[in-house]
Amino acid sequence: MRILVVEDERALREGLKDTLERASYAVDVAESAEDAAEIMDIAPFDLVLLDVNLPGEDGISLLKGWRREKNDAPVILLTARDGWREKVAGMDAGADDYITKPFHQEELLARVRAQLRRAGGQKEASLRFGSLEIDTAAQRVFVDGQDVRLTAHEYRILNYLAHNAGRVMSKNQIMDHVHDLDSEALSNGTEVLISRIRRKIGRERIETVRGLGYRFDADHPAAA
Ligand code: CA
């Protein structure tokens, strides 16, 4: 899953990138609304953390623009402690949630997970598909209750496919959502990584759709 952080305060921006990367997200950063608009044009995001008070165009006006353009990625606002008016304006402009500065990393990560789950139609904290469980808080995967060891890249791909269960995702889409602009190119292609994931969680879980991509099969009999 790929996240955009829009925050002009450098220490907070870098801290958020670090926290989110350690939680296995691909993360790009922008320090102004202008910067954010440019990145949005070239990359797809699963979620945006948006500071309300930015120099120049503010966060709420930026958000209104996205919603007008039918960009429906979940948005969590970063607001000031006494900023009840901006919270109201932000929610009315189409924000999905907000968090008040200063906040604890754990609270932020829980809100991020909740929004990503909701966007994928899931309500539970763990993604469960029969005998397969993905604990997105602990970043652990279990099959029949047994811990399955995935590399960071394998986990990111599985998590992305599982959040989009039942939908065909192209190789480019997968790569776009598990990498950020400063990720190093993968030495292994998507196919190799998918085949490794299949070996670990069961072949039948990820279907190859010829010429189109891959589909995570949530309803496979093994999942009943
Ligand atoms: Ca700010």
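**Figure 1. Helices α1 and α5 cross in a right-handed way.** A crossing counts as right-handed if the near helix is turned clockwise from the far one by less than a right angle, and left-handed if anticlockwise. This is a predicted model: local features need pLDDT of at least 70, side-chain atom pairs count only at pLDDT 80 or more, and totals for chains, interfaces and linings use all residues. Residues are numbered from 1 along each chain as its sequence is written, and side-chain values use heavy atoms, with hydrogens and water left out.

Helix α1 covers residues 10-22 and helix α5 covers residues 105-119. Helices (H or I, at least four residues) and strands (E, at least two) are DSSP runs, numbered from the N terminus. Two packed helices are described by the angle between their axes and the distance between the axes. Here the axes come within 11 Å and cross at roughly 60°. Axes are lines fitted to C-alpha atoms, for helices over the stretch in contact, and angles run from 0 to 180 degrees between N-to-C directions. The angle makes α1 oblique to α5. Angles under 35 degrees count as roughly parallel, over 145 as roughly antiparallel, 65 to 115 as roughly perpendicular, and the rest as oblique.

Which residues of α1 and α5 make the contact? From α1 come Leu-16, Thr-19, Leu-20 and Arg-22. From α5 come Gln-105, Leu-108, Leu-109 and Val-112. Contact means heavy atoms within 4.5 Å. By class, the residues of this contact are five nonpolar, two polar and one charged. Ala, Val, Leu, Ile, Met, Phe, Trp, Tyr, Cys and Pro count as nonpolar, Asp, Glu, Lys and Arg as charged, and the others, Gly among them, as polar.

**Figure 2. Helix α6 is mostly covered.** The helix runs over residues 152-163. Ten of its twelve residues are buried. Buried means under 20% relative accessible area, exposed over 50%, and partly exposed in between (1.4 Å probe, protein chains only). Among the buried residues are Tyr-155, Ile-157, Leu-158 and Leu-161. Charged Glu-154 and Arg-156 are on the buried list too.

**Figure 3. Helix α6 packs against helix α8.** Helix α8 covers residues 190-201. The angle is about 80°, and the axes are 10 Å apart. That makes α6 roughly perpendicular to α8. On the α6 side, the contact is made by His-153, Glu-154, Ile-157, Leu-158 and Leu-161. On the α8 side, Leu-193, Ile-194, Arg-196, Ile-197, Lys-200 and Ile-201 take part. Seven of these contact residues are nonpolar, one is polar and three are charged.

**Figure 4. Helix α6 also crosses helix α7, and the crossing is right-handed.** Helix α7 covers residues 171-178. The two axes come within 10 Å and cross at roughly 115°. That makes α6 roughly perpendicular to α7. Arg-156, Ile-157, Tyr-160 and Leu-161 of α6 meet Gln-173, Ile-174, Met-175, His-177 and Val-178 of α7. This contact has six nonpolar, two polar and one charged residues. The buried residues of α7 are Ile-174, Met-175, His-177 and Val-178. Their cover includes α6, α8 and the strands β1 (2-6), β2 (26-30), β10 (168-169) and β12 (213-216).

**Figure 5. Val-141 sits in strand β8.** The strand covers residues 140-143. Is Val-141 buried or exposed? With a relative accessible area of 1%, Val-141 is buried. Leaving out residues up to four places away in sequence, Val-141 touches several others, including Leu-132, Ile-134, Val-148, Tyr-155, Leu-158 and Ile-201. Val-141 and Leu-158 are 17 residues apart along the chain, and their C-alpha atoms are separated by 9.5 Å.

Figure 6. The peptide bond from Lys-101 to Pro-102 is cis, with omega near -10°. Ser-24 has a positive phi of about 75°, although it is not a glycine. At 10% relative accessibility, Ser-24 counts as buried. Asp-144 is exposed, with a relative accessible area of 61%.

Conventions
The expected span of a helix is 1.5 Å times one less than its number of residues.
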